[in-house]
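Please work through the following exercises with the sequence and coordinates at hand. Each task is followed by a solution in steps.

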Amino acid sequence: MTRILGLSAYYHDSAAALLEDGELVAAAQEERFTRQKHEARFPAAAARYCLAGTSLDEVDYVVFYDKPLLKFERMLETHLAYAPNGFNRFRQAMPVWLKEKLWLKKMLRQELSQLSGGDAIPRLLFTQHHQAHAGSAFYCSPFQQSAVLCIDGVGEWATTSAWSGTPDNLKPLWQIDFPHSIGLLYSAFTYYCGFSVNSGEYKLMGLAPYGKPRFVELIKSELISIDPDGTYALNLDYFDYCVGERMISEKFRALFGAPERLPETEITSLYRDLAASIQAITEEVVVKLASSLRRETGHTNLCLAGGVALNCVANGVLRRTGMFEHIWVQPAAGDAGCAIGAAFNVWHEHLGNPKSDTGQDRMKGCLLGPAYDNSIIESELIKAGAKYQKMETQHLLRSTASMLANGNIVGWYQGRMEFGPRALGARSILADARNPNMQQTLNLRIKFRESFRPFAPAVLREHLAKYFVSDQNSPYMMFVDYLVPELRLTPDSKRDGLDRVNEVRSALPGITHLDYSARVQTVGQDDKDPFYQLLLAFQQQTGCAVLINTSFNVRGEPIVQSPLDALRCFHATEMDALVIGSFILHKKDQTTLSIPELQIPAPVMTNAALKKFSRSLAILLSGFALTVVWVNQLPISPWLVLPFLVLFIWGEIIPGHMRAIHRGWHQLGVGLARITSPVIFSLVFFFIITPLGLIQRLVRRSKIHREYKPDRRSTTSNPGFEYPF
Amino acid sequence: MIEFINDLLMFMGHHKNYWLIPILLVLSIVGGLIVLTEGSVVAPFIYTLF
């Protein structure tokens with residue numbers, strides 16, 4: 001058996017995925033275990049979960065999802081292109097590279113060695129970032145032939161890439177390189193509208209229907225030039241993300257006549273209209289790029305991945321054009337999904353296994369994470385002092401459906417955890433979509449998030465046409481669809497802006513966005529799937545085959561992973577009930593529920609490291625003392641080495657006492673670095689990078705194309721999986 | 001360290017980006033200093049320096 005462990009780490013959304021003979025058996029994001037949203041550290045817990053029951057020496061390959069030296073090259077080239085500007089950014093970015101990212105192989109081996117308990121570790125391979133995205137899209141898709149389009153902020157160089165997938169090959173066609181990036185353009189507007197880059201893009205997309213796209217022409221004339229084939233170039237005068245500390249420049253602010261919106265302040269019409277405008281532009285670029293791919297490859301299928309592929313509104317627009325017969329979007333389209341893609345790249349491309357035709361996608365409904373059986377769940381419930389009832393399956397489903405029909409909000413925790421950003425019925429909060437107050441209640445009482453954000457519907461596939469226009473599968477919530485006209489209502493109020501959030505616009509107000517759109521999850525018939533069974537029970541009781549399905553978490557936290565996480569979230573919100581495994585907990589009964597506070601362990605120095613510190617400090621100080629004595633020709637006394645000998649022995653006997661000395665020693669280093677660090681980096685930046693950059697620009701050899709011109713297509717050279725470049 | 005230098009040389013050979021040689025040389029020396037002193041008593045000084 002061939003096992004491949006795919007890893008994404010060190011930027012955001014760390015994850016691990018395990019393939020066994022080309023079958024995806026497990027995948028998880030590290031954030032779910034560490035409880036730090038978008039966790040960037042090495043995915044130790046996720047990898048440990050994936051390897052459960054398998055030791056690391058039984059794994060044949062470990063593959064990392066990008067090529068660090070190429071990324072480093074891009075960073076240095078960017079500084080060369082902008083120097084002498086960008087010193088602060090250089091000073092901030094360089095330490096992480098010098099200490100960690102440049103030594104990625106060594107760092108990965110250290111982490112893997114800890115995972116293996118010192119045993120041999122597998123061979124280490126590397127894919128290019130967009131190659132991993134493309135692999136996650138094509139190899140997981142149900143297609144044998146497909147065009148593949150990847151769009152994100154930036155990988156090594158590529159920000160947009162086009163591929164052609166066949167059973168034997170995933171062939172790169174062309175790419176658009178940094179700094180021209182539709183993903184970063186979207187993020188720049190996300191930042192300008194007062195949301196966080198990398199996590200607030202959903203909010204901007206949700207805000208768009210509340211605005212009018214009145215800035216489209218201005219943005220197209222000033223910020224981005226879009227060619228008929230969808231390739232584009234940004235006017236970099238308006239952005240600051242290349243070497244600055246913010247996404248946008250002063251010129252950007254001047255163009256729209258206002259500063260960036262501060263978080264949590266009022267969202268005026270300016271920002272709503274900008275959201276609508278940038279959404280329209282993104283849709284135009286995605287549709288034009290896809291259209292080019294259709295023409296150039298002749299493929300009738302399309303796969304999408306990369307952060308921009310999470311824009312389900314644009315995906316919906318693309319699907320409605322009908323230019324492709326089938327479109328499949330990798331559900332974990334962001335960087336977490338690269339762990340899966342990288343592993344598939346190795347299986348198919350490095351090891352030469354052709355893609356087999358199963359007719360189904362290979363994501364297993366995204367249910368790739370840990371599951372907990374009833375005995376573990378019950379022991380957690382007992383420990384927490386919960387009042388609960390255990391029910392057999394049919395009784396549990398009927399009771400849950402009945403609670404939902406009566407307007408209760410239910411935490412639903414069943415089976416394996418989902419992989420990717422969406423909750424698909426394993427770690428979900430569920431509610432009745434017919435309830436006119438439900439969107440506001442969920443946003444303000446349960447999720448503690450902005451009131452304008454819509455909720456997604458889960459609908460029984462066999463009843464889809466009754467509710468939504470397209471009647472196409474969407475098992476992973478990757479497409480926005482529209483409510484059928486018969487269910488739509490026209491609000492008679494004269495409200496404006498975000499006040500319209502409370503208008504009842506359909507017979508399913510809980511999931512109907514301002515423009516009658518909804519991010520649909522279709523749930524296909526599967527008698528073993530508890531979520532399908534629940535929807536069926538709800539439909540039988542109420543006649544409605546739709547439920548609100550939102551992720552089981554609160555704002556700022558990752559989706560729950562363990563039963564204890566679920567209990568903690570249930571306890572902290574005004575959820576009415578929790579259905580976990582075969583158990584039901586009612587909030588009103590929980591008088592004795594006591595959940596321990598979430599403890600995030602701080603890194604602690606081990607005793608071995610402290611002993612090593614005390615030994616080397618004793619040697620260093622005694623050496624220093626002896627040098628002083630020798631230089632000044634002072635009399636040598638055996639008492640001179642006594643303090644250092646004491647330090648040495650003390651560290652050996654009680655290493656814990658060295659912690660305070662180490663802290664002080666470290667602080668001394670930090671203090672000195674405040675002076676020396678800027679000096680050293682100034683020397684490198686102004687005496688090496690700046691003159692080289694000026695010469696490079698003089699002879700027009702810069703790899704960063706700052707100018708505003710069409711024809712952005714380029715290609716990249718990839719020497720293979722063995723190399724980190 | 002030898003593996004890193006080897007990777008760097010192969011990177012240069014493959015991508016032929018000779019502009020970066022002086023920068024990579026200096027930064028590799030600095031980075032190498034950090035790696036070589038890692039875990040030693042001077043590490044807090046070298047590590048926090050950058």
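The model is predicted: local features need pLDDT of at least 70, side-chain atom pairs count only at pLDDT 80 or more, and totals for chains, interfaces and linings use all residues. Residues are numbered from 1 along each chain as its sequence is written, chains are lettered from A and ligands numbered from 1 in the order in which they are written, and side-chain values use heavy atoms, with hydrogens and water left out.

**Exercise 1.** Describe the extent of the interface between chain A and chain B.

Step 1. Contact means heavy atoms within 4.5 Å. Chain A contributes 49 residues to the contact and chain B contributes 34 residues.

Step 2. Buried area is the accessible area (1.4 Å probe) that two parts lose on being put together, summed over both. The two chains bury about 3700 Å², with 75% of it on carbon and sulfur atoms. On the side of chain A, the greatest losses of area to chain B fall on A:Lys99, A:Trp103 and A:Phe725, together 18% of what that side buries.

**Exercise 2.** Identify the polar links across the interface and the helices of chain A that supply its side.

Step 1. A salt bridge requires a side-chain nitrogen of Lys or Arg within 4 Å of a carboxyl oxygen of Asp or Glu. The rule finds 3 salt bridges between chain A and chain B. B:Glu3 and A:Arg109 meet in a salt bridge through their side chains, at 2.8 Å from N to O.

Step 2. Helices here are DSSP runs (H or I, at least four residues) and strands likewise (E, at least two), numbered from the N terminus. Among the helices of chain A that each supply at least two residues to the side touching chain B are helix 3 (68-82), helix 4 (87-99) and helix 22 (658-698). Helix 22 of chain A gives the most, with 17 residues.

**Exercise 3.** State how chain A is divided into domains.

Step 1. The bounds come from an automatic or database domain assignment. They give domain 1 (175-329), domain 2 (374-589) and domain 3 (610-653).

Step 2. Between the C-alpha centres of domain 2 and domain 3 of chain A the distance is 66 Å.

**Exercise 4.** Which residues are joined by a cis peptide bond, and where does each proline lie?

Step 1. One cis peptide bond joins A:Ala83 and A:Pro84, with omega about 10°. A:Pro84 lies in the loop between helix 3 and helix 4 of chain A.

Step 2. Another joins A:Phe178 and A:Pro179, again with omega about 10°. A:Pro179 is in the loop between strand 8 (169-177) and helix 7 of chain A.

Step 3. Most peptide bonds are trans, and most residues other than glycine have a negative phi. A:Tyr10 has a positive phi, near 80°; A:Tyr10 lies in the loop between strand 1 (3-8) and strand 2 (15-20) of chain A.

Notes. A polar contact is a pair of N or O atoms within 3.5 Å; within protein, one must be able to donate a hydrogen and the other to accept it, and residues adjacent in sequence count only if both atoms are side-chain atoms.
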